[in-house]
Amino acid sequence: MQGKWKGCNNIVNIINVYSLCSLSEKVFLWEKILQLKRSIGDGLWCVLGDFIAITRKEKRLMRSNESQHGAKEIEEFNVFVDTWSWLICH
């Protein structure tokens, strides 16, 4: 959703995320969000919702057979978060 903040001229972009469970679908969604940010650029951004992902393994209790997949998901999500942060700051 995009609009103007009442009382000022700032463009506000709001993205509500509800991610799918598979890693490939999550990565696809995260890349689409980054593409949207790159294409729109300026303005205030609020990205919220359920990413169904974590940034550190300590945040999730995993069974032993999930550890490899979980590590890859954490790595991919951190790439998304770091890229988003870089886009906001530059």
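Here are some questions and answers on this predicted model.

User: How many helices and strands are there, and what pattern do they follow along the sequence?
Analyst: Counting up the elements gives two helices and three strands. Reading along the sequence then puts them in order, and the pattern is β-β-α-β-α.

User: What share of the contacts between residues at least 6 apart joins residues at least 24 apart?
Analyst: A contact here means heavy atoms within 4.5 Å. Take the contacts between residues at least 6 apart in sequence; the share that joins residues at least 24 apart is 59%.

User: What percentage of the residues counts as buried?
Analyst: To count as buried, a residue needs under 20% relative accessible area. The protein has 90 residues, and the buried share is 26%.

User: Is Cys 46 buried, partly exposed or exposed, and how many disulfides does the structure have?
Analyst: Cys 46 has a relative accessible area of 35%, so this residue is partly exposed. Cys 8, at 31%, is partly exposed too. A disulfide would need two cysteine sulfur atoms within 2.5 Å. Searching the whole structure, the number of disulfides found is zero.

User: Which residues make the nonpolar surface patch of about 300 Å²?
Analyst: A patch member needs over 30% relative accessible area, and Leu 48 has 38%, which makes this residue partly exposed. Leu 48 sits in strand β3, residues 44-50. The patch is made by Met 1, Ile 14 and Leu 48.

User: How much of the accessible surface belongs to carbon and sulfur atoms?
Analyst: The protein's accessible surface totals about 6600 Å². Of that, the part belonging to carbon and sulfur is 56%.

Methods
Residues numbered from 1 in each chain as written. Predicted model: local features only at pLDDT ≥ 70, side-chain atom pairs only at ≥ 80, totals over all residues. Heavy atoms only, no water. Buried < 20%, exposed > 50% of the residue type's maximum accessible area, 1.4 Å probe, protein only. Helix = DSSP H or I, 4+ residues; strand = E, 2+ residues; numbered from the N terminus. Areas by Shrake-Rupley, 256 points an atom, 1.4 Å probe, with all protein chains shown as cover. Patch = residues over 30% accessible without salt bridge, like charges linked within 9 Å, V, L, I, M, F, W, Y side chains within 5 Å. Salt bridge = Lys/Arg side-chain N within 4 Å of Asp/Glu carboxyl O.
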